Amino acid sequence: SFDAGNWDAALSNYQNALDLVEKLGLSQSDAISSLQENIAKTKIYMTIEKGKKAFAASEWDEVISQYEKAIILLEENSKLLSRIDTKENRIKLSRIMLHAEIIKDKQDVAKYLKSEDFALAIDKLGDIKESISASQFSEHPEFTAILEEVAIQVKEAEKQLLLIEQSSYLTDNYEELFLKHYPAATRSALSAPSIVFLRNIGDKLLFRMQCTETAGGRPLRLQMDYLYAPSSKKWSFYTEQ
């Protein structure tokens with residue numbers, strides 16, 4: 001059963017054998033330590049197998065749970081497992097757990113980016129960075145590459161969040177801004193604001209604002225460009241030189 005990977009049957013048979021040895025009073029027999037080692041190995045392999053199946057099914061919480069159990073079993077039975085390098089296996093399991101956690105968080109990031117929830121995406125990317133930085137694998141090339149990818153994604157998400165926030169500001173305040181630069185206009189005649197991000201000018205962000213002025217029955221389209229400086233958080237009117 002053990003060789004065939006039939007862990008339930010193997011565990012049951014080993015446990016029955018151990019019960020029999022104990023009933024026969026063979027407490028000093030090498031059979032006891034051998035059976036106890038086989039029982040520990042079976043439990044570990046059974047748990048790892050569950051983790052593998054969960055990984056194949058993309059059930060990341062279950063992957064993490066099963067490999068955590070496997071690590072605990074390794075630590076609890078380290079003295080029994082004479083032919084297993086418990087430290088090496090613990091490291092392997094920890095790496096797989098970290099990968100599962102990263103994959104899970106990346107899927108959440110993709111979901112948030114798709115729905116343009118950039119603040120949540122940034123928070124989740126922060127979780128990935130924290131998980132790697134706090135792990136024993138923070139200097140490993142495969143994980144430093146992920147950290148570099150995360151840094152790029154955070155920068156882009158922060159830019160998109162900034163664009164949304166500043167577009168909202170312009171939309172909320174378009175009347176005051178147009179009245180400031182079009183003194184002949186009246187507040188009641190302004191409607192249908194439209195904000196478009198055009199491009200970066202150095203470290204500043206250029207937006208184009210438009211709205212409709214309806215006066216005397218003839219609608220006019222008003223337009224102006226506004227420049228935002230993130231460093232100073234200030235706006236300025238912009239004209240092409």
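The structure is a predicted model, in which local features need pLDDT of at least 70 and side-chain atom pairs count only at pLDDT 80 or more, while totals for chains, interfaces and linings use all residues. Residues are numbered from 1 along each chain as its sequence is written, and side-chain values use heavy atoms, with hydrogens and water left out.

Helix α1 comprises residues 7–23; helices are DSSP runs of H or I with at least four residues, and strands are runs of E with at least two, numbered from the N terminus. At 1.5 Å a residue, its 17 residues should span 24 Å, which agrees with the 24 Å between its end C-alpha atoms; the expected span is 1.5 Å times one less than the number of residues. Trp7, Ala10, Leu11, Tyr14, Leu18 and Val21 are the buried residues of α1 (buried means under 20% relative accessible area, exposed over 50%, partly exposed in between, with a 1.4 Å probe and protein chains only). The face turned away from this buried side carries the exposed residues Asp8 and Lys23. The cover over the buried residues of α1 includes α2 (30–56).

α2 and helix α3 (residues 60–76) pack at an angle of about 165°, with their axes 8 Å apart; axes are lines fitted to C-alpha atoms, for helices over the stretch in contact, and angles run from 0 to 180 degrees between N-to-C directions. Residues in contact (heavy atoms within 4.5 Å) include Ile44 and Phe55 of α2 and Trp60 and Leu73 of α3.
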